[in-house]
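Q: I would like to learn how to read the aromatic pairs and the core of a model. Where shall we start?

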Amino acid sequence: MKSTNSTSEKNIENTGMSTYFADLHIHIGRTEQGAPVKISGSRNLTFANIAKEAAERKGIQLVGIIDCHSPGVQADIADSLEQGQMRELEDGGIAYQGTTLLLGSELEIREPGMGPAHLLVFFPYFETMRSFTEWLQPRMKNVQLSSQRVYVPARELQAEVYARGGLVIPAHIFTPHRSIYGSCAPRMADVLDPGLISAVELGLSADSEMAGLISELDQYTILTNSDAHSLGKIGREYNELILQAPTYREFEQALGGRNGRRVAGNYGLNPRLGKYHRTYCGNCSYIIDEAEASVERCPYCGSSKLVRGVLDRILSLADRPEPSVPACRPPYHYQVPLEFIPGLGPAKLNQLLAAFGTEMNILHKVSRSQLSEVVGEELADKISAARAGTLHLQAGGGGIYGKVAKE
């Protein structure tokens, strides 16, 4: 499915390339046999269900499933391939209908004297991922589970991944828990080999302008993904890619901006909707959404028991007074997911899906007048405002999502 961005369509005309939507951070909750993988993930979040949800309901053509190192998940993948429900692509990835699943893993690193951080790694082929699991097993306490700590130096892990033809992408780099900047180090180069990073993932509480306050990020492609722990959260943030086909090798080229392939856009929550956007008081639950960035005590109760918000953390690390966004960086489009829109419950959403096929169609292709014919004028106005990022928002913090303010 092509997006309706006319500029993008003109730019790729006669090149043999198209635009594709990609969400590259989706967890598996359980195997088909019911064994846990991501403890906090939904039980129905299986490899097969993710493929079906992405292809048939969401309309996303490139999906990164980042718990594929788990032997239980690998058994499910093998079954899908053997039964002919899916097939492995020569250029990497596993095809299901018009969607390609990229095989990934989220791993935790922890350097001496530093806090933990998560990395996403991807490999082109199933056998490569299985071989990587064999390497991981003696270096990890429980290889069956998601997001486990790897007991090797971070740079050694990076080198191992790239030696196997893989990619490393630091995950949700600003969140206060288990991220490079949020809990690990003031600079990425303090922890990782800067030359062995293919892109960075922002996380739900940041955008590319906020990243523009830190100069060492200028060289990296920006991604924004859902970090979905349930089927419904798939596609709450995603990317628009220019590719010849949705495959691993094409994705690899897009991250490097090679041969006309590129990341053409990031679609994500306004950072105010993110769970960790502003500093939060653990004593009285007050979200400190003030103009002042440097807050040491809660202005409401005086407690120093604060969870530092993403915006406040970035401002403390910034090496620029104002954001500087590289010209090569894709535009960041604020977009409120359909599930956040007041009044758009499951019944109304199902009506829209019955009429227009997928959520990506609703967000990118359907006109306001078409929407109003199905769900009425008021909801059509709200969906149009959500697509344009103009809904009024209340900031999130401390693990609590922001909200669309009621009129």
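Q: Are Phe21 and Tyr238 buried or exposed?
A: Buried means under 20% relative accessible area, exposed over 50%, partly exposed in between, with a 1.4 Å probe and protein chains only. Both Phe21 and Tyr238 are buried. This is a predicted model: local features need pLDDT of at least 70, side-chain atom pairs count only at pLDDT 80 or more, and totals for chains, interfaces and linings use all residues. Residues are numbered from 1 along each chain as its sequence is written, and side-chain values use heavy atoms, leaving out hydrogens and water.

Q: How many aromatic pairs are there?
A: A pair of aromatic rings is described by the distance of the centres and the angle of the planes. Rings of Phe, Tyr and Trp (its six-membered ring) pair if their centres lie within 6.5 Å; planes under 30 degrees apart count as stacked, over 60 as edge-to-face and the rest as tilted. The count here is seven aromatic pairs. Phe21 and Tyr238 form an edge-to-face pair, 5.6 Å centre to centre with 90° between the planes.

Q: Which parts does the pair of Phe21 and Tyr238 tie together?
A: Strands (E, at least two residues) and helices (H or I, at least four) are DSSP runs, numbered from the N terminus. Phe21 lies in strand E1 (residues 18-26) and Tyr238 in strand E10 (residues 238-243), so the pair ties together parts 217 residues apart in sequence. Phe21, Tyr238 and Tyr267 form one aromatic cluster.

Q: What is the geometry of the pair of Phe123 and Phe132?
A: The ring centres of Phe123 and Phe132 are 4.8 Å apart and the planes are at 50°, so this pair is tilted. Phe123 counts as buried at 1% relative accessibility. Phe132 does too, at 0%.

Q: Which residues touch the most other members of the largest nonpolar core?
A: A nonpolar core is a set of buried Ala, Val, Leu, Ile, Met, Phe, Trp, Tyr and Cys residues joined through side-chain atoms within 4.5 Å. The largest has 93 residues, and Phe47, Phe132, Phe174 and Leu217 touch the most other members. Apart from it lies another core of 20 residues, including Tyr20 and Leu167.

Q: What is the average pLDDT of the chain?
A: pLDDT is the predictor's confidence in each residue, from 0 to 100. The chain averages 88, and 86% of the residues score at least 70. Over residues 1-10 the pLDDT is below 50. Where pLDDT is low, the predicted coordinates should not be read in detail.

Conventions: Contact = heavy atoms within 4.5 Å.
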